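Biologist: Please take a close look at the surroundings of the ligand: which residues surround it? After that, go on to a few other places in the chain.

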Amino acid sequence: MLQSVLISKHIYGEAVAFLRESVRVDYHDSDEGLPARDLRQRLSGKAGLVCQLTDRVDAPLMDAAPGVKVISNVAVGFDNIDIPAATERGIMCTNTPGVLTNTTADLAFTLILAAGRRLGEAERYLRAGRYKQWRVDLLTGWDIWGATLGVFGMGRIGQAVARRASGFNMRVLYYDPFRQSERVERELGVEYVPKDELLVQSDFVTLHCALTPETRHLISTGELQLMKPTAVLVNSSRGPVVDEAALADALATGTIAAAGLDVYENEPHVHPQLLELENVVIVPHIASASIRTRTRMCMLAAENMLAGLAGRRPPNILNPEVLE
Ligand code: GLV
């Protein structure tokens with residue numbers, strides 16, 4: 001008998017069709033996620049779950065569906081899944097790295113440019129009919145060309161952002177618990193510095209680390225105070241990496257100049273003060289949102305699922321220990 005897979009939420013049709021070639025699919029084809037209780041009920045009796053970062057995949061869910069062998073996240077981040085709990089239960093977990101690297105780096109760089117050049121504020125100004133005449137100091141911002149960029153997290157996406165920065169003649173500093181080899185540093189033109197040094201020296205700070213207990217509130221009041229009053233903070237990693245209340249306060253009081261945000265501490269909720277501030281560009285978690293990339297993420301999630309269910313090693317397994 002064919003194995004059954006639950007798709008928790010709407011994904012691109014190609015991936016659904018691809019899954020249907022090999023497994024039975026229970027497809028919750030909706031933009032609304034399933035409430036926890038419904039997710040538990042629908043998953044019962046299934047061999048796999050294709051889920052998204054909006055789904056909380058925890059031990060009670062896994063225990064409600066003991067037949068599940070593969071959990072395939074349509075995202076590179078996987079902080080929504082309790083990986084140790086899955087590993088304990090012998091469940092393979094997978095994500096979708098690689099295919100979204102450049103699209104995500106493009107958005108991070110867009111936020112660097114937009115926040116540095118006050119793009120959101122300028123557009124609101126014009127749309128509100130406030131543009132009466134050119135002025136020498138109208139909406140003046142901070143140069144990107146030749147500025148110092150601090151990259152937190154020099155994984156695939158951090159590296160892709162560093163590559164873009166070289167086209168803007170930026171000096172690139174980075175911090176990561178894992179230092180890159182000299183060859184990679186040379187090739188990317190990046191300098192390794194301690195975390196505090198990065199904050200003190202950078203004109204733009206961009207975050208590209210995974211959300212873990214160590215990176216939760218990596219940027220809070222103390223870190224913001226180390227930054228230049230002209231500095232810009234960009235976050236396209238995960239919201240809780242930044243203490244959102246501390247950031248709102250720093251932006252309101254001029255501790256730093258501006259921010260560009262794609263992610264929030266309690267999505268889809270955004271700290272109300274951030275919504276009021278002019279010096280923050282805010283977008284709704286769209287870093288990987290190009291049609292091509294999102295389609296590739298869905299296809300990769302389907303490939304990971306089918307490989308795992310067929311007893312093969314999924315290309316993007318997060319807990320390979322379960323295969324041993
Ligand atoms: C999006 O945030 C992802 O992790 O892919």
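**The ligand and its surroundings**

Modeller: Around the ligand are Leu53, Ala75, Val76, Gly77, Leu100, Arg238, His285 and Met297; a residue counts as near a molecule if one of its heavy atoms lies within 4 Å of it. This is a predicted model, in which local features need pLDDT of at least 70 and side-chain atom pairs count only at pLDDT 80 or more, while totals for chains, interfaces and linings use all residues. Residues are numbered from 1 along each chain as its sequence is written, and side-chain values use heavy atoms, with hydrogens and water left out.

Sorted by class, this shell holds five nonpolar residues, two polar ones and one charged one. Here Ala, Val, Leu, Ile, Met, Phe, Trp, Tyr, Cys and Pro count as nonpolar, Asp, Glu, Lys and Arg as charged, and the others, Gly among them, as polar.

An oxygen atom of the ligand lies 2.8 Å from a polar backbone atom of Val76. For Gly77, the distance from a ligand oxygen to a polar backbone atom is also 2.8 Å. The side chain of Arg238 has an N or O atom 2.7 Å from an oxygen of the ligand. Taken alone, the ligand exposes 190 Å², and the protein buries 89% of that; the areas come from the Shrake-Rupley method with a 1.4 Å probe, and for residues only the protein chains shown count as cover.

Leu100, one of the residues around the ligand, is 170 residues from Val270 in sequence and 24 Å from it in space, C-alpha to C-alpha. Val270 sits in the loop between β11 (258–261) and α12 (272–276); helices (H or I, at least four residues) and strands (E, at least two) are DSSP runs, numbered from the N terminus. Val270 is buried, at 15% relative accessible area, where buried means under 20%, exposed over 50%, and partly exposed in between (1.4 Å probe, protein chains only). Leaving aside neighbours within four places in sequence, Val270 is in contact with Glu244, Tyr264 and Leu275, contact meaning heavy atoms within 4.5 Å.

Next comes helix α1, residues 13–20, where Ala15, Val16 and Leu19 are buried. These residues lie on the same side of α1 because they cover an arc of only 100° around the axis, the arc being that of the directions from the helix axis to the C-beta atoms. The buried residues of α1 pack against β1 (4–7), β2 (24–27), β3 (48–51) and α13 (291–309).

The loop between β1 and α1 contains Ser8, which counts as buried at 0% relative accessibility. The side chains of Ser8 and Asp55 are joined by a polar contact of 2.5 Å. A polar contact is a pair of N or O atoms within 3.5 Å; within protein, one must be able to donate a hydrogen and the other to accept it, and residues adjacent in sequence count only if both atoms are side-chain atoms. With neighbours within four places in sequence left aside, the contacts of Ser8 include His28, Leu34, Leu49 and Cys51.

Thr148, in strand β6 (residues 148–152), is buried at 10% relative accessibility. Its contacts, apart from neighbours within four places in sequence, include Arg171, Leu173 and Phe204. Glu191, in strand β8 (residues 190–192), is partly exposed at 34% relative accessible area. Not counting residues up to four places away in sequence, Glu191 touches Arg171, Val172, Leu173 and Tyr174.
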